[in-house]
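Please read this briefing alongside the sequence and the three-dimensional view shown below.

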Amino acid sequence: MNSSSTVSAEVGLRLVVPDRTTVPLLATLEYAADDPYAIRVAFHVGDDDPVEWIFARELLTVGVVRRVGDGDVQVWPADDVAERALNLSLSSPFGTAHFEAPLTPLTDFLNRTYEIVAAGRESDFIDIEAELDDLLWHS
C-alpha cells in the first residue's frame, strides 16, 4: 500500500444546460483506501454547501473508454475524440444534471487512486467483520 491512503483533486467542470450552453463550476474528487470502491465528488455551486455524490470508481474508469451506468450515474467519453472530455450524468428525484469534464485531470486522479489500491485488490482494504458488526448492531 502507498504511504498515503487518500487522494483528492479539484477539477473544473461544465454543467450542460438544455440549450447546450455550459456553466463552469468546480468539483472536488476524493478517494480513500478505507472505502476502496467509491469516489466522492463535491460539486461547488456558488456560496451554497457543496452537492455531494458517491459512486463507484469503476464507473469513471470504464466511462473513459465507453458508455457505462444503468442507474443514477452514467459516464461516457465525448463523441468528438479531439475534445478529450468525459460526460457525467447524475439523476435524482430532484432532477438530472449533465456535466462535461476534461479527461486529463480525471485520468490523472484515477491513476493516483490505483496507486493506492490496485484494481482487483479493493477487498484487501475492507474489514468485513467490522462492516458486518456495524450493519447488525448499529442500525
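This is a predicted model: local features need pLDDT of at least 70, side-chain atom pairs count only at pLDDT 80 or more; totals for chains, interfaces and linings use all residues.

Residues are numbered from 1 along each chain as its sequence is written, and side-chain values use heavy atoms, with hydrogens and water left out. The chain holds 3 helices and 7 strands, where helices (H or I, at least four residues) and strands (E, at least two) are DSSP runs numbered from the N terminus.

**Overall make-up**

- Read from the N terminus on, the elements follow the order β-β-β-β-α-β-β-β-α-α.
- Of the 139 residues in the chain, 35% are buried, a word that stands for under 20% relative accessible area, with exposed meaning over 50% and partly exposed in between (1.4 Å probe, protein chains only).
- Contact means heavy atoms within 4.5 Å, and among contacts between residues at least 6 apart in sequence, 37% join residues at least 24 apart.

**The largest pocket**

- Pockets and cavities are found on a 1 Å grid over the protein atoms alone: a cavity is a set of points where a 1.4 Å probe fits but cannot get out, a pocket is an open set with protein on both sides within 12 Å along at least five of seven lines, and lining residues have an atom within 4 Å of a point.
- Grid points are joined across faces, edges and corners, and a volume is the space filled by probe spheres set on the points; for the largest pocket this volume is about 220 Å³.
- The largest pocket is lined by 14 residues, and those closest to its centre are Val51, Trp53, Leu90, Ala97 and Phe99.
- Two or more lining residues of this pocket come from each of β4 (51-56), β6 (85-92) and β7 (95-102), and the largest share, 4 residues, belongs to β7.
- By class, the pocket lining has 10 nonpolar, 4 polar and no charged residues, with Ala, Val, Leu, Ile, Met, Phe, Trp, Tyr, Cys and Pro counted as nonpolar, Asp, Glu, Lys and Arg as charged, and the others, Gly among them, as polar.

**The largest cavity**

- The count gives 1 cavity of 30 Å³ or more, and the largest cavity holds about 110 Å³ of space.
- Its lining has 14 residues, of which Leu13, Leu60, Leu88, Ala101 and Leu106 lie nearest the centre.
- At least two residues of the cavity lining are supplied by each of β2 (22-32), β3 (38-44), β6 and β7, and the lining divides into 12 nonpolar, 1 polar and 1 charged residues.

**Helix α2**

- Helix α2 (residues 103-116) has 14 residues and reaches 20 Å from its first C-alpha to its last, close to the 20 Å expected at 1.5 Å a residue, the expected span being 1.5 Å times one less than the number of residues.
- Leu103, Leu106, Phe109, Leu110, Thr113 and Ile116 are the buried residues of α2.
- They lie on the same side of α2, because they cover an arc of only 145 degrees around the axis, taken from the directions from the helix axis to the C-beta atoms.
- The cover over the buried residues of α2 includes β1 (6-16), β2, β3, α1 (57-63), β6 and β7.

- Leaving aside neighbours within four places in sequence, Ala97 is in contact with Leu15, Leu88, Ser89 and Leu90.
- Val23, in strand β2, is partly exposed, with a relative accessible area of 37%.
- Again leaving aside neighbours within four places in sequence, Val23 is in contact with Leu13, Arg14, Leu15 and Val17.
- Ala33 sits in the loop between β2 and β3 and counts as buried, at 5% relative accessibility.
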